[in-house]
Each structure stands twice: as structure tokens, then as C-alpha cells.
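Biologist: Could you walk me through this model, starting with the terms you rely on?

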Amino acid sequence: MSVDRLSRVDSLLKRVIGEAMFRVFQGVDVNPGCITVTEVQCAKNLRNATVRVSIFGDDAEKKRVLGHIIRRTHEFERTVNREVRMKFTPQLRFELDYSLEKGDAVLALLDKLDIPQEAPQQGATPQEPQA
């Protein structure tokens, strides 16, 4: 299978699973708005897929919500089977993704740095941005 096709399958699964969060957690004490599907990596044979999710909250909240997601894995697989035409419905494996938190930490560090603004060079006139 070509890499381009596999990446399209990954993005399609990411969209379908992200939309399914609101249906699956309807009426449950989990706020689907605090869950972000950050990445889906499907195996080349399309039998397995790893779904990375980022969850807003402290560590206890993340573990609790991830437990709810894992317990409802079959509902997500049924949704994928119903909405995506594939020869095989991949078995989904959910795991936490900390990349958004790491990015926020890097941005916070950059904000703490005291970097002076560059002064314009002598004789140079500031150019206006072109539209």
C-alpha cells in the first residue's frame, strides 16, 4: 500500500473517531470536548491502528477518561465499520499523547526569555506588508 494512501486512511480514521467521541460519550460523565484525537497510525495491512489522544485535565482525570475510552473501544470500531468502507476494520488501541503539553511547556519557556526587539538598521525604511 502506498504511503500516500495510508496517510489518507489515517486522516479519515482520525476524523471519524474524533466525531464519534460526542456520540459515544453522550449521557456519560465524560466531557468529549476535553478529548482531542491527535494522531492515528494504521498498520500497513490495515488490521490494527494506534489512536493517540490528548486529554485536558490533571493526571487522575486523564487516566479516568482514558479508561472510559478504552472500555468503549468496540463502539468506536463499530462506528468506523459503519462509516468507512474498508476491507478490514482495524482493531483500535488508544494511548495518551503528551505532545500538546510538551509544546505548551516549550512556549511557556520561550515566553520567559527576555529577548530584546531588534532595532531597524540605519537608513532602512520599514516596508509595509503586501496584501
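Modeller: Buried means under 20% relative accessible area, exposed over 50% and partly exposed in between, with a 1.4 Å probe and protein chains only. This is a predicted model, where local features need pLDDT of at least 70 and side-chain atom pairs count only at pLDDT 80 or more, while totals for chains, interfaces and linings use all residues. Residues are numbered from 1 along each chain as its sequence is written, and side-chain values use heavy atoms, with hydrogens and water left out.

Biologist: Thanks! What pattern does the protein chain follow along the sequence?

Modeller: Helices (H or I, at least four residues) and strands (E, at least two) are DSSP runs, numbered from the N terminus. The protein chain has 4 helices and 3 strands. Their order along the sequence is α-β-β-α-α-β-α.

Biologist: Why do the buried residues of α3 line one face of the helix?

Modeller: In α3, T73, F76, E77, T79 and V80 are buried. Taking directions from the helix axis to the C-beta atoms, these buried residues fall within an arc of 160°, so they line one face. H74, R78 and R82 are exposed on the other side of α3.

Biologist: How many degrees lie between the planes of F76 and F94?

Modeller: Rings of Phe, Tyr and Trp (its six-membered ring) pair if their centres lie within 6.5 Å; planes under 30 degrees apart count as stacked, over 60 as edge-to-face and the rest as tilted. A search of the whole structure finds 2 aromatic pairs. F76 and F94 form a tilted pair, 5.3 Å centre to centre, with an angle between planes of 55°.

Biologist: Is F76 buried or exposed?

Modeller: F76 lies in helix α3 and F94 in strand β3, so their pair ties together parts 18 residues apart in sequence. F76 has a relative accessible area of 1%, which makes it buried.
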